[in-house]
Every structure is written in structure tokens, then in C-alpha cells.
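Below is a brief report on helix packing and charged pairs in one protein. Keep the sequence and the 3D view at hand while reading.

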Amino acid sequence: MISPGELRAEVVDRAQVSANEVDQILRNNDLTLQSVSMPQRTLRVNRLRLTGAKAGPLDPGPFDETFDFPSGVTVLTGDNFRGKTSILEIIKLMLRGESADLQQDVRKWLSAVSLDVLVNDQPVGLRARFEGGRIVWGALMTGTTDQLAAAHSEMPAGLSVLAEVRDEESWSATVAARMMQLLGLEELRVYTAAKSSDTVGQVNPHGWPSYFGAIYPPSGSDKILLGATSAAGLATRLLEVFLDLPHAALYTRANAAMKRLEGARSAQARRATTAAAGLEARRAAAEQRLNEASKALAELQKVQTGGVELRAAAVAADEAARELNAAARAHDVASATLQQATQNRITDERRVHSLKETAVAGALFHGLDPAACPRCEAVIDADRRAGEVSNHQCSICRTTIQFDDSDDAAAELEAAEAALAASVQAASALKEKAEQTKTAMAAAKTKMEAAETRLAQAETSRHVDALMQAEIDVATARGALEALGPEVAAPADPPPEERVLKALVAVLEDDKLASWQSLVPELDDEIAELARRFGIGELERVSIKRNANMDVFKGGGAKGPFGGQSAGERMRLRFAVVLGLLRVGRQHGIASHPGLLLLDSLKAEEMQDADAAALLEVLVEVAGSEGGIQVIATTQDRKLTSTVSGAAATIGPRTPAGCLF
């Protein structure tokens with residue numbers, strides 16, 4: 001493993017910056033080249049005590065139960081829903097600091113919980129009091145095993161208090177921080193890219209809860225190889241830590257910091273590109289506005305006013321409009337009068353004609369109007385009838401008609417003819433008047449059009465104001481274009497901070513690679529051997545990849561990923577990985593997995609009796625041969641422990657109803 005001094009010198013050389021700059025950049029990113037060194041890493045549960053009052057139909061009432069867990073394999077047996085998983089979840093709540101899977105009814109039964117563990121052979125007690133299902137007081141303490149056994153929900157003299165809290169949130173954070181310290185584990189950091197390409201992602205820290213996922217593995221339905229968190233790259237980092245690869249935790253922090261800077265610079269580059277495109281579009285729009293304003297100004301500058309004063313032209317146009325309206329009204333009156341006179345003339349003509357017809361009719365048959373000759377019955381045609389009026393001849397015999405020559409008839413006819421002559425003369429005069437008004441209206445219209453033309457010419461004198469506004473528009477458009485400034489410059493080369501972090505990651509990667517290549521083939525062999533003994537008989541070999549995925553070869557060399565295996569096979573392989581890490585760590589004397597494994601339901605994922613027995617048998621064998629390994633497992637099959645010998649302890653129901661507490 002490269003020493004801190006060598007690591008620093010290599011970073012200085014690769015990043016081409018001074019040593020002082022390297023130190024300052026490392027401090028700014030909360031990085032230290034000194035890694036925690038642990039000769040061993042062990043965790044073992046000694047004793048769990050539960051007190052409280054149980055509610056419900058199964059053995060209600062107070063309880064005070066103590067469970068002792070020796071090294072090796074301890075099996076919790078009992079029917080379903082009798083407290084086996086609850087025991088594991090209570091251990092998880094105390095040792096991990098939180099448990100989302102502990103049932104609320106069980107939480108409300110608890111009044112106090114004490115858990116004694118050995119952390120790197122140091123006795124540590126974890127104590128908690130509950131009210132309403134939540135922790136209201138908690139403490140971590142150390143002392144002798146006997147001293148811890150005497151302290152349940154109180155703190156007797158002689159014990160050293162490591163931490164004390166008053167609520168569940170503080171309990172979680174305090175337990176996590178203290179366990180990391182006691183086990184010599186360092187915080188892992190994983191960079192998560194942002195969903196949007198033009199924003200920066202974030203660095204997510206992962207501490208004790210993530211490590212605990214390798215102690216209490218998820219079910220077979222989960223596709224994560226190691227741990228219980230699906231954060232990108234976290235399984236890889238856990239694997240590297242438990243293989244004790246050089247500077248494994250430092251690598252995660254430096255890599256996350258580097259990716260954050262790279263993400264920030266990439267986002268800046270994308271924003272710059274977007275800004276440049278937007279700026280170009282705005283510049284084109286500004287140039288278009290400037291061109292349009294300049295063109296409008298040029299057109300206005302060509303307009304000539306002709307010296308016509310606008311107000312006088314408007315007055316003349318108004319007078320012409322009034323004259324045209326008056327002429328139009330006069331023409332309308334004359335036309336209407338002419339129409340009436342014409343109607344009077346027609347009426348008078350009809351009267352005269354009627355009087356003459358009456359006179360003829362009176363002379364012929366005293367007003368009769370025969371349709372045919374009374375002698376020969378010949379039809380009297382229209383021409384003969386017309387002749388009676390025009391020639392005063394009888395329509396039958398053609399004899400000249402003698403009219404009534406009385407004074408009254410003659411006077412009436414004379415008056416009618418006089419009226420007709422007058423109406424004819426009036427209509428002629430009115431027709432002449434209508435023609436005169438029509439001519440006057442045409443003249444007024446011509447005058448109006450001329451006035452409107454003069455007004456339009458006069459209005460161009462307003463172009464002074466329009467010209468001024470056009471000049472303002474041009475100046476505004478030019479100012480807007482100049483305000484856009486020069487084109488956005490492309491992002492510069494990586495800054496010193498990014499170069500230093502990149503160099504540090506590269507050196508650490510090279511240093512890890514040698515250890516990885518020396519340890520992983522051995523780990524692959526251990527995993528394959530254990531998995532075959534766990535019941536995957538057709539397994540040929542496995543190959544763990546650096547991204548914490550695993551290629552699984554079985555059935556004549558067919559290769560498939562870890563996530564592509566069945567749920568039962570994933571569960572067996574995951575157990576094999578943890579035990580493989582333990583065995584490789586013991587063989588090489590490195591600080592590996594702490595050796596505690598909590599397994600819920602050995603017969604889960606459709607595991608048959610023979611497979612479950614094989615799994616338990618191998619667990620017992622490995623725990624016995626390696627030493628320091630502790631497995632706490634649950635099963636509803638009470639016969640399983642009698643089938644497999646060698647289990648360190650079997651814990652069964654404590655109550656008549658078959659419950660563990």
C-alpha cells in the first residue's frame with residue numbers, strides 16, 4: 001500500500017501543482033491521506049434483555065426475557081408470527097440505530113431493551129427505554145461483562161458512558177457515529193448525478209446503516225450483491241472496504257468530490273452552450289429589430305411635406321365634406337319632388353283619358369259596352385274599341401259619335417286637360433332641377449376628393465414626430481444589441497482543484513488494483529465452493545467484477561449476472577459472499593467483515609428441507625472453523641436443528657402460546 005507521503009508526492013507530480021496547493025485542496029474537500037488502520041474488525045452479540053407488557057390474545061401480560069447468544073450459530077425457532085423476526089429487528093434497532101420493519105404492536109409492548117455486544121473484544125452496552133413505541137432515553141456504555149449484565153434500564157456506578165440521548169432520532173445518529181468509530185470504519189461517499197443535464201448532482205454520505213446491510217442482508221428478492229442500499233457504486237465500495245483494499249474509503253470520498261466538480265464543470269459547459277445558442281438567437285432578433293427600425297427611418301426621411309399646413313387642409317376638407325352633404329341632400333329632395341310630379345302627370349293623363357272614354361261610352365248605348373255586334377254577333381276587337389276614343393267612331397258601325405256637348409262635361413274635360421298641362425310643365429321643370437342638383441353633387445364630390453388629397457399631403461408633416469420616434473427605435477435596438485455583449489466563452493480547462501482530485505483518484509485506483517487482483521480470484525473460489533455446498537450444485541464458478549456485479553457460470557459454461565439468478569440462488573450467493581469475505585480476511589489477516597451475520601428465515605425463497613439443512617450445516621462448519629464468526633438465524637422448522645448438529649444454541653418458544661417473549 002502506498003504511504004501518505006508517497007501518495008501526496010504522486011498527486012503533486014500528476015496534477016502539476018505545489019504541495020501546499022494539494023494540502024489546501026484536500027482540506028477544502030474534507031479529505032485526509034491518513035487512513036484508519038485496524039488489525040481486526042469483530043462484532044458479536046452477547047445478550048439481549050426485553051421487558052414490557054404484552055397485549056393481545058396470545059399470553060397477554062408483563063414479560064422479562066433474556067436471550068444469550070454464544071459464538072457460532074444460534075437458531076431462533078418457532079411458528080410464524082411468534083417473535084423470531086422481531087428478535088432480529090430489535091437487535092437491529094439497538095445495533096444499527098433504527099428499524100423500519102419492527103412491528104408497531106411489538107414496539108408498544110416494550111418498556112426497556114438492553115443489548116450487550118463485543119466490539120473488537122471491547123464490551124459495549126446499548127440501553128433504551130420506550131414510551132408509546134418510541135425511544136425516549138438511550139445510552140451507550142462500556143464496562144465489564146458482569147457490570148453491563150447488571151444494568152438494564154438504568155446506569156449503575158462503575159460504567160463509562162460513551163453517549164446518552166433523549167429521543168429516537170438522536171439515538172439513530174449517535175449509535176451510527178459510535179459504531180463507525182469503534183469498528184474503524186470510514187464514511188463512504190457516492191456521487192449521484194442530477195436528473196437534469198445542466199444542473200449539478202450531489203454527494204451522498206453513507207455510514208453505519210449502509211455497512212449494516214452486509215450484516216443483515218436483504219431477502220433473496222433483492223438484486224443487490226452486498227449491502228441493502230441500491231446507491232450507485234455503494235456495493236463496490238463495501239466490497240473494497242471488507243477486502244481491506246488500500247484507502248478504500250478515501251477513494252470513495254475523493255472520487256465523489258471529483259465527480260461533483262466534473263459534474264459542475266460539465267453542467268457549466270452545457271449551460272454555456274445553451275446560453276451561447278440563446279445569445280445568438282437574441283442577437284439575431286436584435287439585429288432584425290435594428291434593421292427594421294433603420295429601414296423605417298430611411299423611409300420616413302424620404303417623405304416631403306409640400307409646404308401645406310395641416311390645420312388649414314383639415315378645415316378645407318371639412319367644408320368640402322359639408323358641401324357634399326348639402327348637395328347630396330338637395331339632390332335627394334329634387335329627385336323625390338320630380339318623382340312626385342311625374343306621378344301627378346301620370347294621374348292627370350289618366351283622368352283626361354278617362355273623361356274622354358266616358359263621353360264616348362255615354363254616346364254609345366247610353367254607357368253600354370257590347371262585346372259583339374247585336375245583329376251578326378261579330379266580336380268587337382281591340383282596334384275598334386281604341387277608335388272610339390281616338391277617332392270618335394262607333395266600334396260596331398263606324399258612324400261618328402256625337403258627344404255630350406253639355407257645359408258641365410266640357411268644363412270638366414277642359415279643367416282636366418289644363419291640370420295635365422300644368423303637371424307636364426312642372427315635371428319638366430323639376431327634371432331640370434334634379435339634373436342641376438346632380439351636377440352640383442358631382443362638383444362637391446370632386447372638391448371633397450381634392451380636399452382629402454390635400455389633407456393626406458398635409459398629414460405627412462407629422463412625419464417629424466414619426467421620424468423622431470424612428471430614431472429612438474434605432475438607438476434602442478442598437479443599444480439592446482450592444483448590451484448582449486460578446487459571445488459566451490467556452491469553459492476553461494479543469495481548475496487545479498479538479499486536477500488534484502483526479503490525480504488522487506487515479507493514484508488510489510492504481511494502488512487498489514494490485515490488491516484487488518491478488519485477493520479477488522481467491523474470493524471467487526471461496527464463494528463458488530460455499531454456494532455449491534449451500535445447494536447450487538450446478539454452479540461451476542463465479543467472477544466478481546469491479547462494479548460489484550457477479551458473473552455466474554453454471555450449466556455447461558453459461559454465464560449470467562447475479563441479478564439474473566433465482567431468488568433462492570441470490571440468497572445463497574449473498575451468504576457465500578459474506579462468508580467468503582470472512583474467510584479470505586482471516587487467511588490474510590486483514591480487517592474484513594466484522595463477522596456477525598443475521599439471517600431471517602433459513603427456509604425462505606422456496607428452499608427445500610435438504611437445502612436448508614445444507615445451508616445450516618455449512619454455516620455451523622465455517623463458524624466453528626474460522627472462530628469469531630457469529631450467525632443468528634431464524635426458522636419455523638423446529639426439526640431443522642435436530643437434523644444438523646453443531647449449532648451453538650437453539651432458542652425456542654418461551655410461553656405456552658409458542659411465543660419467544
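Helix α3 (residues 84-96) and helix α6 (residues 168-182) have axes that come within 8 Å and cross at roughly 75°. The two helices are therefore roughly perpendicular. Axes are lines fitted to C-alpha atoms over the stretch in contact, and angles run from 0 to 180 degrees between N-to-C directions. From α3, the contact uses L93, M94, L95 and R96; from α6, W171, V175 and M179. Contact means heavy atoms within 4.5 Å. By class, the residues of the α3 and α6 contact are six nonpolar, no polar and one charged. Ala, Val, Leu, Ile, Met, Phe, Trp, Tyr, Cys and Pro count as nonpolar, Asp, Glu, Lys and Arg as charged, and the others, Gly among them, as polar.

This is a predicted model: local features need pLDDT of at least 70, side-chain atom pairs count only at pLDDT 80 or more, and totals for chains, interfaces and linings use all residues. Residues are numbered from 1 along each chain as its sequence is written, and side-chain values use heavy atoms, with hydrogens and water left out.

Another helix pair is α2 (residues 19-28) with α14 (residues 496-533). Their axes come within 10 Å and cross at roughly 85°. α2 and α14 are therefore also roughly perpendicular. E21, V22, I25 and L26 of α2 touch P496, E497, V500 and L504 of α14. The contact of α2 with α14 has six nonpolar, no polar and two charged residues.

Now the wider fold. The protein has 17 helices and 15 strands. Both are DSSP runs numbered from the N terminus: helices are H or I with at least four residues, strands E with at least two. Of the 661 residues, 43% count as buried. Buried means under 20% relative accessible area, exposed over 50%, and partly exposed in between (1.4 Å probe, protein chains only). Among contacts with a separation of 6 or more, 69% join residues 24 or more positions apart.

How many salt bridges does the structure hold? There are 25. A salt bridge puts a side-chain nitrogen of Lys or Arg within 4 Å of a carboxyl oxygen of Asp or Glu.

| Pair | N to O distance |
|---|---|
| D23 and R8 | 2.8 Å |
| R166 and E164 | 3.3 Å |
| K512 and E240 | 2.8 Å |

D23 lies in α2 and R8 in helix α1 (residues 4-15), so the pair ties together parts 15 residues apart in sequence. D23 is partly exposed at 22% relative accessibility. R8 is partly exposed at 29%.

R166 is exposed at 57% relative accessibility.

K512 and E240 form a salt bridge, which links distant parts of the chain: K512 sits in α14 and E240 in helix α8 (residues 234-242), 272 residues apart. Are these two residues buried or exposed? K512 is buried, with a relative accessible area of 0%. E240 is buried too, at 2%. Both belong to a network of salt bridges that links R237, E240, E509, K512 and R546.

R572 counts as buried at 7% relative accessibility. A polar atom of the R572 side chain lies 3.2 Å from the backbone oxygen of F534.

Methods:
A polar contact is a pair of N or O atoms within 3.5 Å; within protein, one must be able to donate a hydrogen and the other to accept it, and residues adjacent in sequence count only if both atoms are side-chain atoms. Angles under 35 degrees count as roughly parallel, over 145 as roughly antiparallel, 65 to 115 as roughly perpendicular and the rest as oblique.
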